[in-house]
Amino acid sequence: MREEQKERALLLGVKLNDGEDFKKSMEELAALSEACGMEVVGTITQNMDRQPHASLYMGRGKLGEVQDYMLEHPVDVLIFDRSLTPSQMRNLQNILDCPILDRTTLILEIFASRARTREAKLQVESARLQYVLPRLTGMHKALSRQGGGSGVANKGAGEKKLELDRRRIEKRISELRKELDRIAKERETQRQKRQGSGIPRVALVGYTNVGKSTMMNLLSKSEVFAENKLFATLDTTVRKVIIDNLPFLLSDTVGFIRKLPTDLVESFKSTLDEVREADLLVHVVDISHPGFEEQIEVVNKTLAEIGGSGKPMILVFNKIDAYTYV
C-alpha cells in the first residue's frame, strides 16, 4: 500500500530587532509543522527593523519572492511564524492564492489531533473557533485543504468549520463555554475533596516534550501516555504517589511553548488550575536541548501569566543522558 503523501509546507518568518532568538523560533516552527504531519520544503525570511508590515506581514518584494518560489517548487501550504491579523490573513490569501496557516493555527491543529478526553477536545474546539471567527475569509482555503496533514483540518471539530457562518460559530462557542463551565465545576468539586484530605499537591510543569509524562509514569508507577513529540499529551492526569512514607497528589499538565496562543491558555484555564492550586511545582527541564535556558524563561513567563508564579519550585534537569558537553 502506497504511503499517503505529506503536505508540503513553505515556512515564512520576519526577523525583528526585539531580542527574540529568531533562528530557534523558525526551527521550532519546522518541528511544529512536522508534528502536524507536514513536510517542510523550504524557508523564506525577511529582516525588518520595525514591526511586520501592517497589512501584508512581509514586504511586497519578499512576497514576490514567495510567488517565484511557488512557481518553481510544489507547495501545498504556507506557514507564518507569527499570528496573523484578520486583515493580513485576508490580504495574503488574495495575493498568494495558497492555503495559509499561522503559528497559532498550527498549534491548534496539533492540539486537536492530540486531545483525548472530552474536556480537552472541547477546550481546543473553543479556542480554535474563537481564533478562526474573525479570520474566516482568509483561512477558508487553509481549513478546506486536502492532503496528508493531520489535525482539525481533516477531522474532529475542523470538518464542519467551513460550513459554519459567523452566527453558527458564535452559537457553538456559547454552547462550548456552558459545557466547559459545567466540567470546570465538577473539576473544582474534585479539587476541593482532594484539598480536604490534607494531602499535599505537586504539579509537573515545563516546556513541551521535556519528559513530564515519562517522569509521571516513573514516580507514580502508572502508564500515562508519553511519546517523544511536541504536545504528546494535553490532558491533566492526577495520581497519588508515596515516597518515603510521604503521600502526595502528583499532576501532569500540558506543556508550554513560546508564543502560546492566549485563547488557548484561556481555554485550558480549568486544566491549569492544577498548577495554580499546587503546593509545589516541579519544573522539568530538557537539559539536552540547546535552548534549555530560554525554555526555562518561557515556562516562568507563562506561569506568571496564569497566576502560578511565586510557588515553591524544584528544578529538575531531565534527559541528562542526551546532554552533550561542550
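In this predicted model, the buried residues of helix H2 are Lys-62, Leu-63, Gly-64, Val-66, Tyr-69 and Met-70. H2 itself has 13 residues, and from its first C-alpha to its last it reaches 19 Å, close to the 18 Å expected at 1.5 Å a residue.

The strands named among the covering elements belong to an open sheet, in which four strands follow one another in the order E2-E1-E3-E4 with parallel pairing. Strand E2 (38–48) and strand E4 (100–102) are the edge strands, each of them pairing on one side only, and the twist from one strand to the next averages 25°. Strand E1, made of residues 7–16, pairs with E2 in the parallel sense over 10 bridges, and a reader who wishes to find this pairing in the model can look at Leu-11, whose bridge partner in E2 is Thr-43. Helix H2 (residues 60–72) packs on the sheet, where it touches E1, E2 and strand E3 (77–80), and its direction makes about 155° with that of E2. Helix H3, which spans residues 86–96, lies across E3 and E4 and runs at about 145° to E4.

Two further helices can be considered together. Two packed helices are described by the angle between their axes and the distance between the axes. For helix H1 (residues 22–35) and helix H4 (residues 103–114), the axes come within 10 Å and cross at roughly 40°, and the crossing of H1 and H4 is left-handed. On the side of H1 the contact is made by Ser-25, Glu-28, Leu-29, Leu-32, Ser-33 and Ala-35, while H4 contributes Arg-103, Leu-106, Ile-107, Ile-110 and Arg-114.

A pair of aromatic rings is described by the distance of the centres and the angle of the planes. How many aromatic pairs does a search of the whole structure find? The search finds two. In one of them, the rings of Tyr-57 and Phe-80 have centres 5.3 Å apart and planes at 85°, and because an angle over 60 degrees counts as edge-to-face, the pair is given that description. Since Tyr-57 lies in the loop between E2 and H2 whereas Phe-80 lies in strand E3, the pair ties together parts that are 23 residues apart in sequence. Both Tyr-57 and Phe-80 are buried.

In the other pair, the rings of Phe-292 and Phe-317 have their centres 6.5 Å apart and their planes at 90°, so this pair is edge-to-face as well. It links distant parts of the chain, with Phe-292 in helix H11 (residues 292–305) and Phe-317 in strand E9 (residues 313–318), 25 residues apart. Phe-292 has a relative accessible area of 18% and is therefore buried, whereas Phe-317, with a relative accessible area of 44%, is partly exposed.

A last stop is Gly-198, which has its place in the loop between helix H7 (166–196) and strand E5 (201–206). Is Gly-198 buried or exposed? Its relative accessibility is 59%, so Gly-198 counts as exposed. Although Gly-198 and Phe-248 are 50 residues apart along the chain, their C-alpha atoms are separated by 9.2 Å.

Note on methods. Residues are numbered from 1 along each chain as its sequence is written. This is a predicted model: local features need pLDDT of at least 70, side-chain atom pairs count only at pLDDT 80 or more; totals for chains, interfaces and linings use all residues. Side-chain values use heavy atoms; hydrogens and water are left out. Two strands pair if DSSP finds at least two bridges between them. Helices (H or I, at least four residues) and strands (E, at least two) are DSSP runs, numbered from the N terminus. Axes are lines fitted to C-alpha atoms, for helices over the stretch in contact, and angles run from 0 to 180 degrees between N-to-C directions. Contact means heavy atoms within 4.5 Å. Rings of Phe, Tyr and Trp (its six-membered ring) pair if their centres lie within 6.5 Å; planes under 30 degrees apart count as stacked, over 60 as edge-to-face and the rest as tilted. Buried means under 20% relative accessible area, exposed over 50%, partly exposed in between (1.4 Å probe, protein chains only). The expected span of a helix is 1.5 Å times one less than its number of residues. A crossing is left-handed if the near helix is turned anticlockwise from the far one by less than a right angle, and right-handed if clockwise.
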